[in-house]
Amino acid sequence: MREGKGKENHPDGAWYEGYYREDKRHGSGNEYWPDGAKYEGDYKDDKANGHGKRTLANGTCYEGSWDDGQPNGQGKRIWPTGAYYEGEFKDGKFHGPGIKYNDNSTSEEGIWEEGQLKRKMRLKK
């Protein structure tokens, strides 16, 4: 059973380096995939939990709150084009107050549900 700091290599070429508790990833750690994707941040019970940053092979990245392996809470997703969304997430989707800055210099601001803008409105800063 793994406890404390360690490293784990997966058959698919992915690997994790960080902390374990009761043989599960728990605490700070980094996970890397063969395609170049990576996650750097906190884990709890073998899943991303707390604050972390995940960068995909195509350059898209999310940094913010994680819960149960998904972006949940306040965060920011940035696309390689320079467009980005900043606001609330639920189960990996835009959900709640947020603003999306598009790569054509326009923006969409308001209340989001399941990744879709449902109510346009100016948010207090």
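Which side chains meet in a salt bridge at 3.5 Å, N to O? Keep that question in mind while you read these notes; the answer comes in point 6.

1. **What you are looking at.** Please remember that this is a predicted model. The protein chain has eleven strands and zero helices.

2. **Overall dimensions and surface.** The C-alpha trace spans about 50 × 25 × 20 Å along its principal axes. The chain has 125 residues, and 33% of them count as buried. Its accessible surface comes to about 7700 Å², with 44% of that belonging to carbon and sulfur atoms. Now look at contacts with a separation of 6 or more: residues 24 or more positions apart account for 3% of these. As for charge, there are 22 positive and 23 negative side chains, and the centres of the two sets lie 6 Å apart.

3. **The hairpin of β1 and β2.** Start with strand β1, residues 4–9, and strand β2, residues 15–21. They pair in the antiparallel sense over six bridges. To see the pairing for yourself, find G6, which stands opposite G18 in β2. Five residues lie between the two strands of this hairpin, and G13 takes a positive phi near 100 degrees there.

4. **On to β3.** Strand β2 also runs antiparallel to strand β3, residues 24–32, and six bridges join the two.

5. **A salt-bridge network at R2.** The structure holds six salt bridges, and R2, E8 and D23 are linked in a network of them. In one of its links, E8 forms a salt bridge with R2, with the closest N and O atoms 3.3 Å apart. E8 has a relative accessible area of 19%, so it counts as buried, the cut-off being under 20%. R2, at 30% relative accessibility, counts as partly exposed. The side chain of R2 also meets that of D23 in a salt bridge, at 2.9 Å from N to O. This second pair links distant parts of the chain: R2 is in the segment before β1, D23 is in the loop between β2 and β3, and they are 21 residues apart. D23 is partly exposed, with a relative accessible area of 34%.

6. **Back to the opening question.** The side chains are those of K93 and E114, which meet in a salt bridge at 3.5 Å, N to O. K93 lies in strand β9 and E114 in the loop between β10 (107–113) and β11 (116–120), so this pair ties together parts that are 21 residues apart in sequence. K93 is partly exposed at 39% relative accessibility, and E114 is also partly exposed, with a relative accessible area of 48%.

7. **A look at H95.** Stay in strand β9, residues 93–101, where you will find H95. Is H95 buried, partly exposed or exposed? With 24% relative accessibility, H95 counts as partly exposed. Beyond its neighbours within four places in sequence, H95 is in contact with Y85, E88, F89, K90, W112, E113 and E114. H95 and Q116 are 21 residues apart in sequence, and their C-alpha atoms are 7.9 Å apart in space.

How values were computed: Residues are numbered from 1 along each chain as its sequence is written. This is a predicted model: local features need pLDDT of at least 70, side-chain atom pairs count only at pLDDT 80 or more; totals for chains, interfaces and linings use all residues. Side-chain values use heavy atoms; hydrogens and water are left out. Helices (H or I, at least four residues) and strands (E, at least two) are DSSP runs, numbered from the N terminus. Buried means under 20% relative accessible area, exposed over 50%, partly exposed in between (1.4 Å probe, protein chains only). Contact means heavy atoms within 4.5 Å. Accessible areas come from the Shrake-Rupley method with a 1.4 Å probe; for residues, only the protein chains shown count as cover. Lys and Arg count as positive and Asp and Glu as negative; His and the chain ends are not counted. The place of a charge is taken as NZ of Lys, CZ of Arg, CG of Asp or CD of Glu. Two strands pair if DSSP finds at least two bridges between them. A salt bridge is a side-chain nitrogen of Lys or Arg within 4 Å of a carboxyl oxygen of Asp or Glu.
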